Amino acid sequence: MPRIWFGPFTTDALQEICRDTLVEHLDIRFTDFGDDWLKARMPVDRRTRQPAGILHGGASVVLAESLGSVASALCFDLAKFRAVGLEINASHLRAATGGHVEGICRPVRLGRTVHVWQIDVFDDNGRQVCTCRLTMAVLPLD
């Protein structure tokens, strides 16, 4: 697949735009990217576990939506458009109890007004913890 990103960026720049947000609070870190994918990782700790001691499903969804939202925004001119979430679904496949989880986001469809992303989340041992599909609306700025 050809490069999908509108312009150049760095993972440090992505962290900076997420300052003072839920992304920063949960210590989600953008770690790597390629021509058509973006990765981030998140700790499995007191902020992201449920009372039973396993990764909260909602935390996996926050990781997935953060990846997909940022990925959509990287695909167009932010001076002309913005992306907002329309729908997300998640299938939780395995429990994670510690360490980190890593999400990888890839496009399913990048249309003019709708983006669909597949985000898969893995534990430190490479086992799939969750799979998500995120639909984003691309809207012109008023």
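Reader: Quick one to start: are tryptophan 5 and phenylalanine 9 buried or exposed?

Author: Both tryptophan 5 and phenylalanine 9 are buried. Buried means under 20% relative accessible area, exposed is over 50% and partly exposed lies in between, with a 1.4 Å probe and protein chains only. Keep in mind that this is a predicted model, where local features need pLDDT of at least 70, side-chain atom pairs count only at pLDDT 80 or more, and totals for chains, interfaces and linings use all residues. Residues are numbered from 1 along each chain as its sequence is written, and side-chain values use heavy atoms, with hydrogens and water left out.

Reader: OK. How are the rings of tryptophan 5 and phenylalanine 9 placed?

Author: Their centres are 5.6 Å apart and the planes stand at 90 degrees, so this pair is edge-to-face. Rings of Phe, Tyr and Trp (its six-membered ring) pair if their centres lie within 6.5 Å; planes under 30 degrees apart are stacked, over 60 edge-to-face, and the rest tilted.

Reader: Which ring pairs with phenylalanine 9 in a tilted way?

Author: That's phenylalanine 33, at 4.3 Å centre to centre with 40 degrees between the planes. This pair links distant parts of the chain: phenylalanine 9 sits in the segment before helix 1 (11-17) and phenylalanine 33 in strand 1, 24 residues apart. Helices (H or I, at least four residues) and strands (E, at least two) are DSSP runs, numbered from the N terminus. Ring pairs join Trp5, Phe9 and Phe33 into a cluster.

Reader: Why is phenylalanine 33 called partly exposed?

Author: Because its relative accessible area is 25%. Phenylalanine 9 has 13%, so it counts as buried.

Reader: How many bridges hold strand 3 and strand 6?

Author: They pair over 11 bridges in the antiparallel sense. Two strands pair if DSSP finds at least two bridges between them. Serine 91, for one, has threonine 131 in strand 6 as its bridge partner.

Reader: And the largest nonpolar core, which residues have the most contacts inside it?

Author: Trp5, Phe30, Leu38, Val101 and Trp117, in a core of 35 residues. Strand 2 (38-43), helix 3 (57-73), strand 4 (100-110), strand 5 (114-123) and strand 6 (128-140) each give two or more residues to this core. A nonpolar core is a set of buried Ala, Val, Leu, Ile, Met, Phe, Trp, Tyr and Cys residues joined through side-chain atoms within 4.5 Å.

Reader: Where is alanine 59, and what does it touch?

Author: Alanine 59 is in helix 3. Leaving aside neighbours within four places in sequence, alanine 59 is in contact with Met42 and Thr48; contact means heavy atoms within 4.5 Å. Alanine 59 counts as buried because its relative accessibility is 7%.

Reader: Where does threonine 48 lie?

Author: In the loop between strand 2 and helix 3. Threonine 48 is buried, with a relative accessible area of 1%. A polar atom of its side chain lies 2.8 Å from the backbone oxygen of proline 43.

Definitions and conventions. Polar contact = N/O pair within 3.5 Å; in protein donor to acceptor, adjacent residues only side chain to side chain.
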